[in-house]
Amino acid sequence: MTQKKPIVKEQNHNYPPEMIAWIQHAAELGRYDIRGMGAKRKIPDFNDLTFLTASMSRYPLEGYREKCVTQTVIGGRHGAKPIELDIPITIAGMSFGSLNAQAKDALGRGASQMGTSTTTGDGGMTPEERKSSKILVYQCLPSRYGFNPDDARKADAIEIVIGQGAKPGGGGILLGQKISPRVAGMRTLPEGIDQRSACRHPDWTGPDDLVIKIEELRELTLGKVPIYVKIGATRAYHDVKLCCHAGADVIVVDGMQGGTAATQDCYIEHTGIPTLAAVRMAVEALQDLGLYRKVHLIISGGIRTGADVAKALAMGADVVSIGQAMLIAMGCNMDLPEWEEDYHKLGTAAGYCHHCQTGLCPAGITTQDPEISKKLDPDKAGRKVRNYLKTLTLELQTLARACGKSNVHHLEKEDLAALTMEAAAIAKIPLVGTDWYPGK
Amino acid sequence: MCGIVSLFFKEDSLNKKLGEHFVPMLIAMTERGPDSSGIAVYGNPCEKGEYKFSIFHPDENYDWDQFENKISDEWKVSRVKQLGRYLILSAALQKKELDMWLKENFPSMVIMGVGNEMEIYKDTGSPARVAEKYDLSQTKGYLMIGHTRMATESAVNVEGSHPYSSGLDLCLVHNGSYANHNSIRQMLEDDGMEFDSWNDTEVAAKYLEWRLIKGDDLNDALKNMTNDFSGFFTLAIGLKNQFAVMRDPFACKPMVIAETKKYVAVASEFRALAHLPEISEADIFEPQPEEIHIWSK
Amino acid sequence: MVQIDCSPLTTSEINKKLRELPEGSEVELLNPAGRHNLAVGLEKKIDLTINGHGGYYYGGMNKNAEITINGNAGPGVAENMMSGRVRVKGHASTSAGASGHGGLLVIEKDTSLRCGISLKGSDIVVRGCVGNMCAFMAQAGNILIGGDAGQALGDSLYEAVIYLGGKYKSLGADAKEDSMTDEDITIIKDMLSRAGFNDLKPENFKKIISAKTLYHFDSEKKQDY
């Protein structure tokens, strides 16, 4: 009698089912996948650090009653009017075009209520966001879509973007679905066509020429506003030094977890370095130049919780900036029964969606479609942004007080310990229970 | 990233004024390169059969007299000059010989350049500081090549500064950033070339020498460089009685040339040339990508 | 006629003086000596002549002003111009007219690489030759070239139009020659007239536009990515 053959499924780490599916998908599609959000795979991050809070040798502060200052002032190195933030958490650059006007408005409202800044993106400044954002940073990108001197003069700071964490060095294409009439008008493009973005600035390359470009922008704005320079984290130590030499007032370093509305999946997963490494290298560079706390440092890329914020500050960042998590706060990937159909149409489900590039965002955020955009009420969404920022701030203060700090900027590296060998090596923070890290 | 400046006199009558005209050019490039500066000078040949060695010691207050006494025990040498952290010595010696002896007896010293005419001075500090330290305004000769450095991937130190010299009377300065110099360094090391630093420009200089040893003339050597290297490179090269410039195919790093009957002046920005005599009558142009310009005396 | 000698002044001081001039002023800058960022971000309609060779970004982000450079221009002349006119009587360096939205840039001699890169609506007239990668990713506007063009002319062109009087070394990805219409002749006549090059004949130009094969990615087609 023949016995039924047992089904054997040996695990293949090199060609798991997902890899097999991807290869076959590539064979069908004939081009790279384009998606939104940031790196999904597990990499060393702030969760691998823990705080050494007060005990016998260090005294905590009482929550809520004993002050813990969050005010943060940045950007005054060259005499510009500095940016005064009530909290050290800002909203990162995300374009009108990738987001709709409602989302930009909501972000502005939430940020203003908490006394912090938002940033324009790769498409220019909308009147709505200038109106709702008390403090607005204006980006100058390689594409220069929508960039003009009138908007530059309305801004509170200018951010020259060299790259972002999701795709440092990348240009790439954005498929035509999101080039609506309004977006097309602002970007000087025909509607509905694929947008091919530049990876370098059109009129300068390299820090020696950036010196001259920064001077030009100071001439334009009469030296009144701080100039930020944003880089995707790769050779962060050298890049931060060069940004300082070039004349930046503030440097923004975006780690590989940083999100995007649409770029090639191979860039998102395989370029850049984790934010944990980026912050340590950036701070080292500033210290080696004697410019720490003189040229200010904004860290972004996968900041999610107040603990992340606190750890970034403890490692030396002046400010953190958040992109993806703000969209999630407003409803991105929210699990609502009435949205189930919309996720399924995209071939995904709540909690797994990364289809910002389609323009069919189930949450009504990363879309230009007027009908779909109705899902996002700027007032309600603005309140969510404010509440999320408030939560982060309270968590930050709670942790800072537990470390005995009356000012969140008094958090220091020595307040931290590493939970893994990798995090210890990357952050140059001792492994728990030891005073050693690899390379010490 | 950096600034490049060079001044080449076609007529010997101007040689007395080389440093005087050159120093403002170098200082004009300070914003491009605040970290360190270097120059190479041509035009003061030593005795036939001898070579000038540009020797560097890291100690600002080094006792060069005692060094000269010691080396005189080995060979007949003459002091050409001593400035800053450099001693220029002339002797009928091969570089290899002196290199080996220094490694044994004075390991902190580095030979920055060797040639019948060429002298090299490169040091950390602003261009104005370096110009003062090495008395550059008094320099005489027919060619001066200069570089102001904003360090990219290697550290700010003297070994990382330009000009790089490879081969007799051959030097190179570079603005830009190579992208595959590590594998080319490996290839050159496997073929017997030696390196003093991790700097990408040193790889380019050694590559040029390597091509010249293989029989290329300067033109072909530079053409081969465009094929073998990825990256952005605007270059100025010095040889005895010759001066050359070239830009890569993308030509993203700037260069302006001003030429008169009497001189050729080159700089990353025109403002470094604005003070030169007869500049309003000069032919002012930019080298096209991959176009090699060579001037000879 | 106001004359300003640049030599004793900082760049900011020079630009401040220019900004404070009333509409309709005629002004001359002497001894620019190649310094950078002169006449950046002007907003009033003034008639400005810069006597000498320039540095980077002269006329950058210009609105309304009419600027003449009596010499060569450095990289990025009239970059991101919004309106007005910039005329270079000598040569222009790289990225001339980069990302300009409006107004007219005239170059009487030659220009280097990337002329009109990322153009967004300005008109550019070059009497001489242009270097490699002219009109790279140019989105809107017209570029008229009296002489020859280098390699990769019009690479990744969107809706901008190139009129070429001489020969190109090569066309860029997605650029193609197209036949001239009466409307093109009218546009060329107008550009030549505004530039003051009335001796050049519109019939001698050829038209280069986007082939639009990169407008929509298609895995079945052989596309030059």
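How are H6(A) and H7(A) oriented to each other? In this predicted model, the axes of helix H6 (residues 207-220) and helix H7 (residues 236-246) of chain A come within 8 Å and cross at roughly 40 degrees. H6(A) and H7(A) are therefore oblique to each other, since an angle counts as roughly parallel under 35 degrees and as roughly perpendicular from 65 to 115 degrees. The crossing of H6(A) past H7(A) is right-handed. H6(A) contributes Pro207(A), Leu210(A), Val211(A) and Ile214(A) to the contact, and H7(A) contributes Leu242(A), His245(A) and Ala246(A). Six of the residues in this contact are nonpolar, one is polar and none is charged.

The largest nonpolar core has 106 residues, and the members touching the most others are Leu49(A), Val253(A), Met315(A), Met330(A), Ile365(A) and Leu411(A). Helix H9 (residues 275-288) of chain A gives the most to this core, nine residues. Beyond four places in sequence, the contacts of Leu49(A) include Leu276(A), Met315(A), Leu416(A), Leu419(A) and Ile429(A). Another core, of 56 residues, lies apart from it and has Tyr42(B), Tyr121(B), Val245(B) and Ala272(B) among its members.

Some backbone details remain. Asn333(A), not a glycine, has a positive phi of about 65 degrees. Asn333(A) sits in the loop between helix H11 (324-330) and helix H12 (340-345) of chain A, and is buried because its relative accessible area is 17%, under the 20% limit. Lys428(A), also not a glycine, has a positive phi of about 55 degrees and follows helix H15 (421-427) of chain A. With 30% relative accessibility, Lys428(A) counts as partly exposed.

In chain B, the peptide bond from His162(B) to Pro163(B) is cis, with omega near 5 degrees. Pro163(B) belongs to the loop between strand S8 (143-149) and strand S9 (164-165).

Key. Residues numbered from 1 in each chain as written. Chains lettered and ligands numbered in written order. Predicted model: local features only at pLDDT ≥ 70, side-chain atom pairs only at ≥ 80, totals over all residues. Heavy atoms only, no water. Core = buried A, V, L, I, M, F, W, Y, C linked by side-chain atoms within 4.5 Å. Buried < 20%, exposed > 50% of the residue type's maximum accessible area, 1.4 Å probe, protein only. Helix = DSSP H or I, 4+ residues; strand = E, 2+ residues; numbered from the N terminus. Contact = heavy atoms within 4.5 Å. Axes fitted to C-alpha atoms, helices over the stretch in contact; angles between N-to-C directions. Parallel < 35°, antiparallel > 145°, perpendicular 65-115°, else oblique. Left-handed = near helix turned anticlockwise from the far one by under 90°. Nonpolar A, V, L, I, M, F, W, Y, C, P; charged D, E, K, R; others polar.
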